[in-house]
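Please open the model in a viewer and keep the selection tool at hand. The stops below proceed from charged pairs to a sheet and then to a helix.

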Amino acid sequence: MSAPLRIATRGSALARAQTGIVAATLVEATGVEVETVIITSEGDRSRESLASLGGTGVFASALREALLAGECDMIVHSLKDLPTAPYEGLVIGAIPEREDPRDALCTRDGLTLDELPEGARVGTGSPRRIAQLLSLRPDLTIVDIRGNVDTRLGRLVEGDLDAVVLASAGLGRLGRLDAASELFALDIWPTAPGQGALAIETREGDSIPELLSIEHIPTRTAVLAERSVLAALEAGCAAPVGATATVVDDELRLSATVYQPDGAAELGCERSAALLGDDHLVAELLGQAVAAQLLEDGAAELAPLGGSAPGAPGTDGDQYWPGGTE
């Protein structure tokens, strides 16, 4: 009998839920035996802001070090929290089909964003979400929050917040989607590149054929385009950037938006390309073209770009916060 596949994860509820989904899918598709390995890092004990800690890479690094050390065979990330820069010795071995990439508004009284009272207190730790909220409702009071999903939703019950913004996919994976009072349409509220998708990282050169059973090529193509925008913009964790890509028949469609941090202005670009062979190359080039247009239009004057956190995506850092939140 072959040895079980060892999947490493953070100990947070969301990270474990995501890993459980991947493990269950692998078992169902291939019958392989799977073992979960819990990895803890100093970042798990910190409540400092994501930017002050150096971006989400500080959290992913503990998992990656364990993988390179042979303590596991693969690791599971929320793709939106994974730095765009390549990590020596590791590759993304599989990207399963993406779940809902939208952001969700959770309110104490079941209100929509338009229905929130003037000056309502809305919690989020994401620069992108802050800019988007203020662009639509400049009267809102934004409150910086951290913690897991239950902690954030608990702030609504306690009454010190009127609403919080979380990722729909994270709520769904934890069975808490009923807490959402509104899901924001992607055409007016693009989310973090890769949001809703999981990435399974493996050692370069390792052969794990079971991963072929969960690979979803259209998802990989779409998120590669989104992340290519981010990489070309050199956008760090403090950059309010949203991107949305979809594969429709043989066409890849990509749109991206850069926001002024206070939501007072934004720049967008939308392009498409035919998928005629090398989908990955097309996705990468399309993302670079969109980023180039945004920069030409003045995106660097609008938002903090140019590598404010090298290799880190414009992310909300949700999987890696203590308790693991989306």
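Why does Asp100 count as partly exposed? Its relative accessibility is 25%, and the classes are buried under 20% relative accessible area, exposed over 50% and partly exposed in between, with a 1.4 Å probe and protein chains only.

This is a predicted model, in which local features need pLDDT of at least 70 and side-chain atom pairs count only at pLDDT 80 or more, while totals for chains, interfaces and linings use all residues. Residues are numbered from 1 along each chain as its sequence is written, and side-chain values use heavy atoms, with hydrogens and water left out.

**Charged pairs**

The term denotes a side-chain nitrogen of Lys or Arg within 4 Å of a carboxyl oxygen of Asp or Glu. By this rule there are 17 salt bridges. Arg102 is partly exposed, with a relative accessible area of 28%.

Next, select Arg137 and Asp139, whose side chains meet in a salt bridge of 2.7 Å, N to O. Arg137 counts as buried at 11% relative accessibility, whereas Asp139 is partly exposed at 26%.

Then select Asp73 and Arg203, a salt bridge with its closest N and O atoms 3.7 Å apart. The pair links distant parts of the chain, 130 residues apart: Asp73 lies in the loop between α2 and β3, Arg203 in strand β10. Asp73 and Arg203 are both buried.

Helices (H or I, at least four residues) and strands (E, at least two) are DSSP runs, numbered from the N terminus. Display the open sheet of 5 strands, ordered β7-β6-β8-β5-β9 with mixed pairing; strands pair if DSSP finds at least two bridges between them. Strands β7 (141-143) and β9 (182-183) are at the edges with a single partner strand each, so one side of each has no neighbour in the sheet.

Select β5 (residues 103-107) with β9: the two run antiparallel and are joined by 2 bridges. Leu105 stands opposite Glu182 in β9.

**Helix α6**

Finally, select residues 217-233, helix α6. Of its 17 residues, 12 are buried, among them Arg220, Glu226 and Leu233. The buried residues pack against β4, β11, β12 and α7, where contact means heavy atoms within 4.5 Å. Glu234 follows α6 and has a positive phi, near 55°.

Definitions and conventions: Expected span 1.5 Å × (residues − 1).
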